[in-house]
Amino acid sequence: MSSYSGSRNEGRREGWGTQFFPDGSKYEGSFLNGLKHGKGKLVLSDGGVQEGSWREGNLHGQCEVTTKAGYRYLGQFANGLRDGRGMARGQTRALLHFGSG
């Protein structure tokens with residue numbers, strides 16, 4: 001079961017707060033209508049991190065995603081998907097990303 005600590009509006013998560021998920025993941029940041037919305041950071045149970053702007057529960061705008069294995073992507077997202085310019089860095093080299101997906 002997940003738990004939440006923070007601001008509420010009419011029973012929904014709204015404003016700044018922290019949500020803990022059953023798998024051990026934790027989101028700290030802004031909420032709107034019960035969803036991640038605005039600036040925030042999601043630390044996944046496997047050690048990965050998703051940080052930046054959120055809209056209606058999805059990464060949206062300038063964000064950084066880092067996996068447990070060391071893969072890092074810094075760039076634009078739209079509705080949870082990479083979109084626009086960004087840079088991905090694996091363990092051996094950096095790659096530039098343009099476009100969607």
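Rings of Phe, Tyr and Trp, the last through its six-membered ring, are taken to pair if their centres lie within 6.5 Å. The model discussed here is predicted.

1. Four aromatic pairs are found in a search of the whole structure. One of them joins Tyr4 and Phe31 in an edge-to-face arrangement, with 5.2 Å from centre to centre and 85 degrees between the planes. This pair connects distant parts of the chain, since Tyr4 belongs to strand 1 (residues 3-9) and Phe31 to strand 3 (residues 26-32), 27 residues apart. Tyr4, Tyr27, Phe31 and Trp54 make up one aromatic cluster.

2. Which relative accessible area does Phe31 have? The value is 2%, and Phe31 is therefore buried. Tyr27 is counted as buried because its relative accessibility is 0%; the cut-off for this class is under 20%.

3. Surroundings of Gln19. Gln19 is located in strand 2 (residues 12-20). Its relative accessibility is 8%, so Gln19 counts as buried. Leaving aside residues up to four places away in sequence, Gln19 touches Ser2, Ser3, Tyr4, Arg13, Ser25, Lys26, Tyr27 and Phe31.

4. Arg13. The side chains of Arg13 and Gln19 are joined by a polar contact of 3.4 Å. Arg13 also lies over the face of Tyr4, at 6.0 Å from the ring centre.

5. A further charge over a ring. The charged end of Arg82 is placed over the ring of Tyr73, at 5.2 Å from the centre of that ring.

6. Overall architecture. The protein has nine strands and zero helices. Its elements, read from the N terminus, follow the order β-β-β-β-β-β-β-β-β. Along the principal axes, the C-alpha atoms fill a box of roughly 45 × 25 × 15 Å.

7. Contacts and surface. How many of the contacts with a separation of 6 or more come from residues 24 or more positions apart? Such residues account for 2% of them. Of the 101 residues, 27% count as buried.

Key. Residues are numbered from 1 along each chain as its sequence is written. This is a predicted model: local features need pLDDT of at least 70, side-chain atom pairs count only at pLDDT 80 or more; totals for chains, interfaces and linings use all residues. Side-chain values use heavy atoms; hydrogens and water are left out. Helices (H or I, at least four residues) and strands (E, at least two) are DSSP runs, numbered from the N terminus. Buried means under 20% relative accessible area, exposed over 50%, partly exposed in between (1.4 Å probe, protein chains only). A polar contact is a pair of N or O atoms within 3.5 Å; within protein, one must be able to donate a hydrogen and the other to accept it, and residues adjacent in sequence count only if both atoms are side-chain atoms. Contact means heavy atoms within 4.5 Å. Rings of Phe, Tyr and Trp (its six-membered ring) pair if their centres lie within 6.5 Å; planes under 30 degrees apart count as stacked, over 60 as edge-to-face and the rest as tilted. A charge sits over a ring if NZ of Lys or CZ of Arg is within 6 Å of the ring centre and within 35 degrees of the ring normal.
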